[in-house]
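Here is a short report on one protein chain. Look at the sequence and the model, then read on.

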Amino acid sequence: MFVVEKKLRVSYSAPVQNCIRRLRVLPHETQSETWHCSPQPDESREFFDEFGNRVLELRHARIEREFLFELNLAMTAPPNPLAKRVGGSALDLPETGLGAFVLPSALCDLGAEIQRHAARFKKEDAAPICEFSHNALRYDATVSGLETTASQSLLRGAGVCQDYAHLMIALCRAIALPARYVSGYMPGEGRMHAWGEVLIENQWRAFDPTHNREVGSDCLPVAIGRDFRDCNPHQGTFRGRVQAKLESGCRVTILPNV
């Protein structure tokens, strides 16, 4: 049983207006989930994006100085590693088909160095690509940003979980091996985690290059996409010339299923 407690806080240097934010923090199936935000939204709705991800949209006409969102959810752990056979449903492939996970994307670019390293790998197994991505980077949150590309991470030799995932995915796509970005929850991270899923023999297999392993039932997927941009847990717009500071964290606990 997964138990997730997530908190997200945005502080503004002055009042803002017309706030629209979209949160991708909700898994597809839960046994229980409750969320609360302060101030309460003037409007809220939930919808599915083009990749089948749950999106919670909150609208505020005005926020004085702070927005706080708290989420509590529980769900049974997946029965097996996150391998899924492609079935053509919205949760497996977008309407555009498999091409979204074969072509380069904004953050999973196919620069010259990516292609040079990719030439050593074969399409039969993504484990060596996962291992290479793990060894090519060191974990360092000070050198990476939300718009850091796979090529930039490889050049710097450092990054965070999303950079490890982008690098592995880009290497896979460079040899025409379909791969997609996954965000979700994992115990011990203190924040949302990221990994990749690779299509091998018509089955999505999940690899975590940050920890150099295949993903097991200790990871809870939330969103999939071409790269981080499609899975961004918090994005939106507001009106006002102010500075905004985002703080986010979560606690994930795995309890024995009963």
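## Salt bridges: the rule and the count

A salt bridge here is a side-chain nitrogen of Lys or Arg within 4 Å of a carboxyl oxygen of Asp or Glu. The model is predicted. By this rule, the count comes to 18 salt bridges.

The charged side chains number 30 positive and 31 negative. The centres of these two sets lie 5 Å apart.

Is Glu57 buried or exposed? Glu57 has a relative accessibility of 2%, so it counts as buried, the cut-off being under 20%. Arg22 has 29% and counts as partly exposed.

## Arg251 and Glu5

Arg251 and Glu5 form another salt bridge through their side chains, at 2.7 Å from N to O. Which parts of the chain does the pair tie together? Arg251 belongs to strand 16 (residues 244-254) and Glu5 to strand 1 (residues 2-12), so the bridge ties together parts that are 246 residues apart in sequence.

Arg251 is exposed, at 53% relative accessible area. Glu5 is partly exposed, at 31%.

Arg138 is partly exposed, with a relative accessible area of 48%. Asp140 is buried, at 16%.

Shared partners join some salt bridges into one network. Its residues are Arg22, Arg45, Glu57 and Arg59.

## Overall fold and dimensions

The protein chain has five helices and 16 strands. How does its radius of gyration fit its length, and what value would a compact globule have? For 258 residues, a compact globule would have a radius of gyration near 18 Å. The chain has 18 Å, so the value agrees.

Along the principal axes, the C-alpha atoms fill a box of roughly 55 × 45 × 35 Å.

## Burial, contacts and surface

Buried residues make up 49% of the 258 in the chain. Among contacts with a separation of 6 or more, 73% are between residues 24 or more positions apart.

The accessible surface comes to about 12200 Å². Carbon and sulfur atoms hold 50% of that area.

Where does Ala194 lie? Ala194 is in strand 11 (residues 193-200). Its relative accessible area is 1%, so Ala194 is buried.

Which residues does Ala194 touch, leaving out those up to four places away in sequence? They are Cys161, Gln162, Ala165, Tyr181, Val182, Ser183, Asp208 and Thr210.

Ala194 can also be placed relative to Arg54. The two residues are 140 residues apart along the chain, and 17 Å separates their C-alpha atoms.

Conventions
Residues are numbered from 1 along each chain as its sequence is written. This is a predicted model: local features need pLDDT of at least 70, side-chain atom pairs count only at pLDDT 80 or more; totals for chains, interfaces and linings use all residues. Side-chain values use heavy atoms; hydrogens and water are left out. Helices (H or I, at least four residues) and strands (E, at least two) are DSSP runs, numbered from the N terminus. The radius of gyration is taken over C-alpha atoms; the globule rule is 2.2 Å times the number of residues to the power 0.38. Buried means under 20% relative accessible area, exposed over 50%, partly exposed in between (1.4 Å probe, protein chains only). Contact means heavy atoms within 4.5 Å. Accessible areas come from the Shrake-Rupley method with a 1.4 Å probe; for residues, only the protein chains shown count as cover. Lys and Arg count as positive and Asp and Glu as negative; His and the chain ends are not counted. The place of a charge is taken as NZ of Lys, CZ of Arg, CG of Asp or CD of Glu.
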